[in-house]
Amino acid sequence: MKNRVVITGIGIVSPIGIGKERYWDALKNGRNGFGRISFFDPTVYPCHIDAEVRDFQPEQFIEKKKARRMDRFTQFAMAGAKMAVEDARLDLTKLNLERCGVIVGSGIGGLPTIEAEHSVLLEKGPKRVSPFLIPMLITNIAPGEIAIEYGFTGPNYSVSSACATSNHALGEAFRHLRYGDADLLIAGGTEGAITPLGVAGFCQARALTISFNDNPAKSSRPFDKNRSGFVMGEGCGVVIMETLEHAQARGAKIYAEFVGYGATDDAYHITAPNPEGHAAVRAMQLALADGNVRPEEVDYVNAHGTSTELNDKTETAAIKKVFGDHARKLAISSTKSMTGHLLGAAGGAELIATLLSMENKLIHPTINYETPDPECDLDYVPNTARPGEIRCALSNSLGFGGHNAVVVVKKFA
């Protein structure tokens, strides 16, 4: 007997707002979080823009001494978890902590710490390197710190699969709950890797847009004919997932039911998607089958939509293959048009955008959609939010290395 799984809490740290209220206000109004890189002088870099969380104060969420011993991605994760726990109105004294866990991933982990401590090593020698270096940089420290904070001793690990990280973490949490390994899990992704080396690497991979340095607001333009690369972002998106029985027993508010998960790989190229999109198609089909959902039941797709030439047209073609004639009836939007690409945190933030669109019966737009592309010819909800009821939604994440992870949620009934 498989458990039903529901989502009962939201925690979001993003370039367009911290907390679900600010995040949703920006999404529905089409506000973006793009600007000139402030962490370092980007003048000599091809790309000068990013999507930073510019108003984050870790001390608002974490004791100051602890925060100093955490990399930025872990600080984000702790903040997201705190918001999600509060949103779900969890009473820790009434939980069986042995059946509560954390699955939160990061695509890159503690790159700021690595760069800073490498400089210390070169300038001052090995004895001056921080004793906290290793626990600060490893990706699994984010779920570890969350577990320590709340005393959760159930399943705990990180997932690292580039841009598909969050959806893999969410999907694995779903399976743990479905098969009775736990009652409640915090799941999603976190990322804080806007550093000189990180930006240089993505620039050299020709993944970032370099066409809008003088006009950052227009830089991320998924599915638009003049898209030229993604904008690097940062943040965290995590949710509280519970078995339905556990959620109902404590009288929890339910955002949606998590019903399906599919994962595949292109096995094609280290950065480029397979132009035929076969594995992306199969991931969507597997997720739908896992949830016993027919394609025509889906109202909305939150697309991976990176604003890169290859991804957007390949994803469009894959959606057409999965949904057939119904593809023309789908509302599709790219959250990255406003947040930029949050890398390992993208899927978590985008699931939350989907949940808030579902709750408010308002589908957030894909902004900067100005010039149609004949190869991207579906309904991307251009530029302005649109009223609409979402009964069933699919969220795509497609990562470097060919990783494809897809999740399906339904309005709870």
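Okay, pockets to start: on a 1 Å grid over the protein atoms alone, a pocket is an open set of points where a 1.4 Å probe fits, with protein on both sides within 12 Å along at least five of seven lines, and lining residues have an atom within 4 Å of a point. A volume is the space filled by probe spheres set on the points, which are joined across faces, edges and corners.

Keep in mind that this is a predicted model, where local features need pLDDT of at least 70, side-chain atom pairs count only at pLDDT 80 or more, and totals for chains, interfaces and linings use all residues. Residues are numbered from 1 along each chain as its sequence is written, and side-chain values use heavy atoms, leaving out hydrogens and water.

So, the largest pocket: its volume is about 460 Å³. It has 28 lining residues, and Thr271, Ala272, Pro273, Thr308 and Phe400 are the closest to its centre.

Let's stay with Phe400. Phe202 is buried at 12% relative accessibility, while Phe400 is partly exposed at 28%. For those words, buried means under 20% relative accessible area, exposed over 50%, and partly exposed in between, with a 1.4 Å probe and protein chains only.

And the second largest pocket? Its volume is about 200 Å³, and the residues lining that pocket include Phe39, Phe40, Asp71 and Arg72.
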